Amino acid sequence: MKEIQIGMIGLGTVGSGVLKMIQDNEDKISNITGRRLHVKTIVVHNTSKHRAVPLQDTYLTSDFDELLNDPEIPIVVEVMGGIHPANERISALLKKGKHVVTANKDLIATNGTALSKLASEHGCDLMYEASVAGGIPILRTIANSFPADKIVEVKGIVNGTTNYILTKMNQNGMSYADALKKAQDLGFAEADPTNDVAGFDAAYKMIILSQFSFGTRLTLNDLHIEGIQNISREDIKQAAAFGYTIKLVGISRLVGDKVFAEVAPVLVPNGTPLATVNDERNAVMVTGQAVGDILFYGPGAGGLPTANSVLSDIISVTKNLILHTTGHGFNNYQQEFKSAKPEDIRYRYYLSLTMRDVPGEMMRLAKVFADIGAGFLQIVQTSATANQARLAVVTHGMDQEQLAQLKAALDQNDNNSITLLAAYKVLPN
């Protein structure tokens with residue numbers, strides 16, 4: 001049986017998983033593809049470091065040029081992460097005529113268009129299924145299973161670290177700091193968790209999901225991004241009393257002929273699918289005009305789940321090599337991007353406020369709402385001190401322009417007597 005040589009850049013958790021799966025599933029892969037896959041060369045920073053996975057006859061090197069200039073290697077897997085030098089290395093590989101499989105969401109979200117163009121110019125495949133939601137095969141499913149349906153919304157929990165932290169806050173009453181510490185102890189969060197907890201990791205994934213769903217080319221500047229660092233136990237508890245669970249959710253949806261996209265904490269109604277996604281799990285819900293809501297659920301990270309998505313890309317490239325059909329884009333759907341206006345985005349909101357506990361303050365708050373044409377659906381006083389009360393409010397539907405007006409009005413109220421602590425969207429049932 002003919003053998004296809006594979007190169008890799010990086011041998012961390014995901015890289016080790018890819019190598020192990022190729023070794024352990026050799027017979028099945030050969031049966032499906034008609035080819036034997038063999039990892040010939042892996043570029044690593046430290047060649048003498050102990051590896052948990054057996055290398056067998058795989059060669060380790062710290063010299064990228066050895067891999068780049070090896071004519072026997074047609075497919076290279078990049079799992080080193082980061083934007084630089086990954087961007088330069090993938091560019092060099094594509095120019096050399098090598099096909100690339102990557103799990104690098106940061107790079108694909110920021111420079112995927114240029115890399116895809118480069119791959120096309122050189123007749124190469126560039127695959128990146130593993131860049132979104134780990135082991136969930138969401139990108140290829142959208143590309144292959146929705147070509148005739150119009151996707152109107154894609155939303156989901158796409159960051160395992162933040163979902164784990166919020167699960168512990170929701171179910172165990174932990175503070176944010178304690179839940180983060182536990183996530184770090186278990187290896188779910190980095191020593192510097194900013195990329196995850198501030199929402200940037202999820203935003204990169206929503207950029208890629210938007211490309212596949214709507215053909216748009218978003219940047220981070222096109223999304224409202226809000227993390228979970230300021231979510232309080234008080235709001236977690238009150239949301240539960242209202243019948244909701246707070247989750248960090250990425251949303252990208254059509255509003256007429258425009259696109260609205262954001263990553264932020266939202267209140268998810270208990271009993272709905274996204275509310276049941278806990279710990280480090282991910283879930284993506286795709287809404288099509290014809291099929292309605294479809295939920296994709298599974299592990300959002302981890303060596304073997306992510307490696308499974310990488311390997312599915314390797315097998316796709318292998319089949320393309322056999323059929324001489326390489327060089328076609330992973331995602332060819334493109335549409336002109338128009339950003340939805342604030343007045344087009346309408347949701348109910350959960351508001352957490354403090355106000356002076358004196359007569360007349362509730363009337364003052366009601367007048368602010370009346371002035372912007374908004375109203376209350378639910379309002380409760382959650383706590384009080386000698387001179388200050390804390391309120392939780394669920395509004396009727398209002399648009400983002402009204403929300404901005406509300407924040408401005410409260411910022412300007414006399415003596416800061418009413419303070420807005422938090423404002424989160426409430427997803428519909």
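In which sense, left-handed or right-handed, does α5 pass α10? The first legend answers this. The model is predicted: local features need pLDDT of at least 70, side-chain atom pairs count only at pLDDT 80 or more, and totals for chains, interfaces and linings use all residues. Residues are numbered from 1 along each chain as its sequence is written, and side-chain values use heavy atoms, with hydrogens and water left out.

**View 1. Helices α5 and α10.** Helix α5 covers residues 105-121 and helix α10 residues 200-214; their axes come within 9 Å and cross at roughly 50 degrees. Therefore α5 is oblique to α10. Angles under 35 degrees count as roughly parallel, over 145 as roughly antiparallel, 65 to 115 as roughly perpendicular and the rest as oblique. Axes are lines fitted to C-alpha atoms, for helices over the stretch in contact, and angles run from 0 to 180 degrees between N-to-C directions. Helices (H or I, at least four residues) and strands (E, at least two) are DSSP runs, numbered from the N terminus. α5 passes α10 in a left-handed crossing, meaning that the near helix is turned anticlockwise from the far one by less than a right angle (right-handed if clockwise). From α5, Lys105, Asp106, Ile108, Ala109 and Thr110 meet Asp201, Tyr204, Lys205, Ile207 and Ile208 of α10. The residues of this contact divide into 5 nonpolar, 1 polar and 4 charged. Ala, Val, Leu, Ile, Met, Phe, Trp, Tyr, Cys and Pro count as nonpolar, Asp, Glu, Lys and Arg as charged, and the others, Gly among them, as polar.

**View 2. Aspartate 106 in α5.** Aspartate 106 has its place in helix α5. Its relative accessible area is 16%, so aspartate 106 is buried (under 20% relative accessible area; exposed is over 50%, partly exposed in between; 1.4 Å probe, protein chains only). Apart from neighbours within four places in sequence, aspartate 106 is in contact with Ile83, Asn195 and Tyr204, where contact means heavy atoms within 4.5 Å.

**View 3. Helices α2 and α12.** Helix α2 (residues 26-33) packs against helix α12 (residues 303-323) at an angle of about 35 degrees, with the axes 10 Å apart. The crossing of α2 and α12 is right-handed. Ile29, Ile32 and Thr33 of α2 meet Leu311, Ile315, Thr318, Lys319 and Ile322 of α12. By residue class, this contact holds 5 nonpolar, 2 polar and 1 charged.

View 4. Strand β4 (residues 75-78) pairs with β5 in the parallel sense over 4 bridges; pairing requires at least two DSSP bridges between two strands. Isoleucine 75 stands opposite histidine 99 in β5. Strand β1 (residues 3-9) runs parallel to β4 and is joined to β4 by 4 bridges, with methionine 8 opposite valine 77 in β4. In β4, Ile75 and Val77 point one way and Val76 and Glu78 the other way, and all are buried. In strand β5 (residues 99-102), His99 and Val101 on one side and Val100 and Thr102 on the other are all buried, and both faces are covered.

**View 5. Isoleucine 136.** Isoleucine 136 lies in the loop between β6 (126-127) and α6 (138-145). With a relative accessible area of 3%, isoleucine 136 is buried. Leaving aside neighbours within four places in sequence, the contacts of isoleucine 136 include Glu129, Asn282, Ala283, Phe296 and Tyr297. The C-alpha atoms of isoleucine 136 and alanine 283 are separated by 8.2 Å, and these residues are 147 residues apart along the chain.
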